[in-house]
Each structure stands twice: as structure tokens, then as C-alpha cells.
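Here is a friendly walk through one model, written for someone who likes to know the cut-offs behind the words. Have the viewer ready and follow along.

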Amino acid sequence: MSVEVNKAVVLRFNREFLEQNNIEVLKEIVHKDFTNHTAPGAFPKNAEGLIGFIGMLHSGFSDINIEIHEMIGENDIVCTRKTIHAKHTGEIMGHAPTGKPVAMNVMDMVRVKNGQYIDHWGRNDVMQVIASL
């Protein structure tokens, strides 16, 4: 697959799954052997872990919008630097809704194989933002 096709897969993951919590899209764009090498806490390192973590975010935050600052691709790797903007409108990890807007900073590296996520590595401040609510 070309770098541009791989970037389109990553963009679709961000728009359809992360922003909209559409878990059906994972059947198409996440490989059955996917590994999230930096899955937080007790979340599994597979697609089920993605579903659980993003579901948790959507239970605590609404109006999720992802601003992609850069997307760089080379061979089968796509990297993004992005900010997740949202509003704290639901309970999350023991924090009652505050109505506050939040911004969570993320850097991701994804390996794409045949149009599907196969590996993910990332760093973000999501847990620190939640802890600060």
C-alpha cells in the first residue's frame, strides 16, 4: 500500500472511530493481530482494548474533535501529532462532570499492513487531563 493510502486509513480511524466511537469501522481497518504496544493501564493491547478505552472517553467527554497538526508517513508507518478537544459532560474515572473544555495532546505511530492497523505506539496526556478534572 502507498503512504497516501496508509494516511487515509489513519485519518479514517481518527474521524470514524476516535471522534464518532464507531466500533464497526474497526472490523475493516484494524487487523485481527493488532497490538497496541502502549495501551494504558489494564486495557488489553488488542482491538477490544481500543474499544474499551475510547468508550470510556466517550462516556466522560462529548463533542470530541481531533485536530491533526501533522501526519507524516514513510513505508508502512504513519505518525500523527494531534490534539483531542472535548467537553467534560459525563462521569469519568470518578470525576463528576464539570462542563469544562479539555485538550488532550497525543503523538501516535501506527504500522499499517494491507490497509489495516497492525501495531500502535503512542504518548499522550489523556490520563493527566482526566486526573486534573
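Which residues does Asn6 touch, not counting residues up to four places away in sequence?

Asn6 touches Met1, Asn75, Asp76, Val78 and Val112, where contact means heavy atoms within 4.5 Å. Asn6 is found in helix α1; helices (H or I, at least four residues) and strands (E, at least two) are DSSP runs, numbered from the N terminus. With a relative accessible area of 1%, Asn6 is buried; the scale is buried under 20% relative accessible area, exposed over 50% and partly exposed in between, with a 1.4 Å probe and protein chains only.

Please keep in mind that this is a predicted model, in which local features need pLDDT of at least 70 and side-chain atom pairs count only at pLDDT 80 or more, while totals for chains, interfaces and linings use all residues. Residues are numbered from 1 along each chain as its sequence is written, and side-chain values use heavy atoms, with hydrogens and water left out.

β2 pairs with strand β3 (residues 77-88) in the antiparallel sense over 11 bridges. Phe61 has His88 as its bridge partner in β3, and Gly73 has Val78. β3 also pairs with strand β4 (residues 101-113), again antiparallel and over 11 bridges, and here Thr80 stands opposite Asp108 in β4.

## Helices against the sheet

How do the two helices meet? The axes of α1 and helix α3 (residues 47-60) come within 10 Å and cross at roughly 60°. Phe13, Phe17, Leu18 and Glu19 of α1 make the contact with Leu50, Ile51, Ile54 and His58 of α3. These residues divide into 6 nonpolar, 1 polar and 1 charged, where Ala, Val, Leu, Ile, Met, Phe, Trp, Tyr, Cys and Pro count as nonpolar, Asp, Glu, Lys and Arg as charged, and the others, Gly among them, as polar.

## Positive phi

Most residues other than glycine have a negative phi, and most peptide bonds are trans. Asn21, not a glycine, has a positive phi of about 60°. Asn21 lies in the loop between α1 (3-19) and α2 (26-29), and counts as partly exposed because its relative accessibility is 27%.

Asp63 has a positive phi of about 55° and lies in strand β2 (residues 61-74). Is Asp63 buried or exposed? Asp63 counts as exposed, since its relative accessibility is 61%. In the hairpin of β2 and β3, with 2 residues between the strands, Asn75 takes a positive phi near 55°.

How values were computed
Axes are lines fitted to C-alpha atoms, for helices over the stretch in contact, and angles run from 0 to 180 degrees between N-to-C directions. Two strands pair if DSSP finds at least two bridges between them.
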